[in-house]
Amino acid sequence: AHCISELGHEFRPEYRQLSSIRSALTLSPSVPVIALTATVTDRVREDIVQQLALRNPHRHVQSFFRKNLNYSVIPKKDAFFAILRVLKKNPDDSGIVYCASRKKVESIAQKLLRHGVKVLPYHAGLEARERADNQEKFINDKVQVIVATIAFGMGIDKPDVRYVLHFD
């Protein structure tokens, strides 16, 4: 739902037309509408309610705290070997390593491959077929690690990703 808010980080102007669906389909005001998002501010939450023309919506808000999640920031000293240690410590777990550029994705993926990690790259510079194949292999556990730009991850349906590392 954050995508419909001008205040959100992924504003899409066409999403602002979603509130017209109910009237276009002549839906009764009693037909339920649900809007889901995470980690938004009160201001964005209010904007979502306005954009969708929700009347007296029930709001379910939880803490960001998840006891099963860990978030760490470490100095970027020997970053490649820090990442390699995490991967070697979790050889059977699926994970994503994000890099800021296509060139860095290729470089890190090649270095990890030379260190025995089952890894594939993912970025916009790959041919569409190769990108799709690499994503499919990751989803189906043919490789444990994908090194990618931030384009990867949007819509990935893989419930067993155990770590996400940001190289850059």
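**Entry 1: helix H4**

Which residue with a positive phi follows H4? I looked it up in this predicted model, and it is Gly116, with a phi near 85°.

Then I went back to the helix itself. H4 covers residues 102-114, 13 residues in all. At 1.5 Å a residue it should span 18 Å, and I found its end C-alpha atoms 19 Å apart, which agrees.

Next I asked myself which residues of H4 are buried. They are Val105, Ile108, Ala109 and Leu112. I looked down the axis of H4 and saw these buried residues fall within an arc of 100°, so they line one face of the helix. The face turned away from that buried side carries Lys103 and Arg114, which are exposed. What do the buried residues of H4 pack against? My note says H3, strand S2 (119-122) and S3.

**Entry 2: Phe152**

I moved on to Phe152, which sits in the loop between strand S3 (145-148) and strand S4 (161-166). Is Phe152 buried or exposed? Its relative accessibility is 1%, so Phe152 counts as buried; the cut-off for buried is under 20%.

I then listed what Phe152 touches, leaving out residues up to four places away in sequence. The contacts are Ile96, Tyr98, Tyr122, Gln135, Phe138 and Ile146. I also checked Ser101, which is 51 residues from Phe152 along the chain. The C-alpha atoms of Phe152 and Ser101 are separated by 12 Å.

**Entry 3: salt bridges**

A reminder to myself: side chains of opposite charge can pair when their charged atoms come close. How many salt bridges does the count come to? I get 6, and I looked at some of them in turn.

I began with Lys76 and Asp168, whose closest N and O atoms are 3.1 Å apart. This pair links distant parts of the chain, 92 residues apart. Lys76 is in the loop between H2 and helix H3 (79-89), while Asp168 is in the segment after S4. Lys76 is exposed at 52% relative accessible area, and Asp168 is partly exposed at 44%.

Then I looked at Arg129 and Asp133, which form a salt bridge with an N to O distance of 2.7 Å. These two are 4 residues apart in helix H5 (residues 128-139), so about one helical turn separates them. Arg129 counts as exposed, at 58% relative accessibility. Asp133 is partly exposed, at 29%.

I also followed Lys158, whose side chain meets that of Asp160 in a salt bridge of 2.9 Å, N to O. Is Lys158 buried or exposed? Lys158 is buried, with a relative accessible area of 10%, whereas Asp160 is partly exposed at 25%.

I found Asp141 in the loop between H5 and S3, and it is partly exposed, with 37% relative accessible area.

Ala53 is also not a glycine, and its phi is positive, about 55°. Where is Ala53 found? It is in the loop between H2 and H3, just after H2. Ala53 is partly exposed, with a relative accessible area of 42%.

While I was there, I checked H2, which runs over residues 42-51. Its buried residues are Val44, Asp47, Ile48, Val49 and Gln51. I noted that Asp47 and Gln51 are on this buried list along with Val44, Ile48 and Val49.

**Entry 4: a nonpolar patch**

My last stop was the surface. Which residues form a nonpolar patch there? They are Tyr15, Leu18, Ile21 and Leu25, and together they have about 340 Å² of accessible area. I picked out Ile21, which lies in helix H1 (residues 21-24). Ile21 is partly exposed, at 38% relative accessible area.

Key:
Residues numbered from 1 in each chain as written. Predicted model: local features only at pLDDT ≥ 70, side-chain atom pairs only at ≥ 80, totals over all residues. Heavy atoms only, no water. Buried < 20%, exposed > 50% of the residue type's maximum accessible area, 1.4 Å probe, protein only. Contact = heavy atoms within 4.5 Å. Salt bridge = Lys/Arg side-chain N within 4 Å of Asp/Glu carboxyl O. Patch = residues over 30% accessible without salt bridge, like charges linked within 9 Å, V, L, I, M, F, W, Y side chains within 5 Å. Areas by Shrake-Rupley, 256 points an atom, 1.4 Å probe, with all protein chains shown as cover. Expected span 1.5 Å × (residues − 1). Arc of directions from axis to C-beta.
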